[in-house]
Amino acid sequence: MRTCYLIPWYDCNLNCPHCDIHLRKNSENYDKFLGRLNNLKTTPEDIVVFFGGEPLLYKDKFTEIVSTGKVTSVSTNMLLWSEDYALLFKEHKMSIATSYNPQRFPNDRVLFKWADNMRKATNVGIDVIVLITLTPDLFNLPVEKVGEITLHMYTSGVRGFLFEPYIGEQEYHKEADEWLIKFHEYYKSKKYPVKSLILDKIKDWNCACSHTYTLEPSGRLRKGCPQYGGTNIPDECLMCNKNDICRPCVLQKTCSYPKKFAEWVKANYGTCGTY
């Protein structure tokens, strides 16, 4: 195993239009989930992400899950942050991945609360990165506005931001590829201090199903990432040791799409991802 996503519940305090995970039925068996987590064999090199839903939604269960000592990172919208959570993150040496999207926060008050909670986390030494979903509402913003937002993240102590593909019924590969070039031309000219992590990830922009697992609310541990909800591909195909050769996962196209941007990075930064 290289990466494991933990989903004890799909419940969330937000209703983001680009996310359908919170719409899934829980089929929850928390005791079985926790038992499976306790028996999960991990190494110090493995990444175990508390995913969800929203991990901070249920404090008692959150505490129980991270107290297993297996969680390395938590994917949270940061709106339920409190000092109690800060203490747990410090105790268990966990990092934070939070998200930004123009439609994620209903108003500036919520946006400022998100930014302030990030600042509270980084002020006590917790590592935070921001994931930005590549959706049309982002493309419609002026690149200068997105630049201002990334600078706002920087003043909140965020280590860097990572653009991620949209996964859903419609995918915007061509638009995203072209927008990434447009934004990074602006980003490069401004020499922003906050790091665009996609410049590193572009070196290995690939879904590695053979090394990725998801622990579901039912307690089932399956191959693949949380976005893989099941198709006509048999489970044994995802489990096969030739998985990375035949690539049966329907998300493989999504997880390796930014072709034009990759060429732009090579042309502007030399070796792809080095800058």
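Q: Why is Phe163 called buried?
A: Buried means under 20% relative accessible area, exposed over 50%, and partly exposed in between (1.4 Å probe, protein chains only). The relative accessible area of Phe163 is 0%, so Phe163 is buried. Phe161 also has a value of 0% and is therefore buried. This is a predicted model, in which local features need pLDDT of at least 70 and side-chain atom pairs count only at pLDDT 80 or more, while totals for chains, interfaces and linings use all residues. Residues are numbered from 1 along each chain as its sequence is written, and side-chain values use heavy atoms, with hydrogens and water left out.

Q: Which class do Phe33 and Tyr30 fall into, buried or exposed?
A: Phe33 has a relative accessible area of 0% and is buried. Tyr30, at 12% relative accessibility, counts as buried too.

Q: What makes Phe161 and Phe163 an edge-to-face pair?
A: Rings of Phe, Tyr and Trp (its six-membered ring) pair if their centres lie within 6.5 Å; planes under 30 degrees apart count as stacked, over 60 as edge-to-face and the rest as tilted. The rings of Phe161 and Phe163 stand 5.5 Å apart, centre to centre, with 80° between the planes, and are edge-to-face.

Q: How many aromatic pairs does the structure hold, and why is that of Tyr30 and Phe33 called stacked?
A: There are 22 aromatic pairs. In the pair of Tyr30 and Phe33, the centres are 6.5 Å apart and the planes make 15°, which is stacked. Both residues belong to helix H1 (residues 30-38), three residues apart, about one turn of the helix; helices (H or I, at least four residues) and strands (E, at least two) are DSSP runs, numbered from the N terminus.

Q: What makes a set of residues a nonpolar core, and which members of the largest one touch the most others?
A: A nonpolar core is a set of buried Ala, Val, Leu, Ile, Met, Phe, Trp, Tyr and Cys residues joined through side-chain atoms within 4.5 Å. In the largest, of 76 residues, Phe62, Ile65, Trp81, Phe89, Trp114, Phe163 and Trp179 touch the most other members. Helix H7 (residues 173-190) gives the most to this core, with seven residues. Another core, of five residues, lies apart from it and includes Cys225, Tyr228, Leu251 and Cys255.

Q: How do you know that strands E2 and E3 pair?
A: Two strands pair if DSSP finds at least two bridges between them. Strand E2 (residues 47-50) and strand E3 (residues 73-75) have two bridges, in the parallel sense. Phe50 stands opposite Val74 in E3.

Q: What makes E7 and E9 edge strands?
A: The open sheet has nine strands in the order E7-E6-E5-E4-E3-E2-E1-E8-E9, with mixed pairing. Strand E7 (195-196) and strand E9 (221-223) each pair on one side only, and are its edge strands.

Q: What makes Lys59 and Lys61 count as charges over rings?
A: A charge sits over a ring if NZ of Lys or CZ of Arg is within 6 Å of the ring centre and within 35 degrees of the ring normal. The charged end of Lys59 sits over the ring of Tyr85, 5.2 Å from its centre. That of Lys61 sits over the ring of Tyr58, at 5.9 Å.

Q: Why is Cys12 called partly exposed?
A: Cys12 has 31% relative accessibility and therefore counts as partly exposed. Cys12 is placed in the loop between strand E1 (3-6) and H1.
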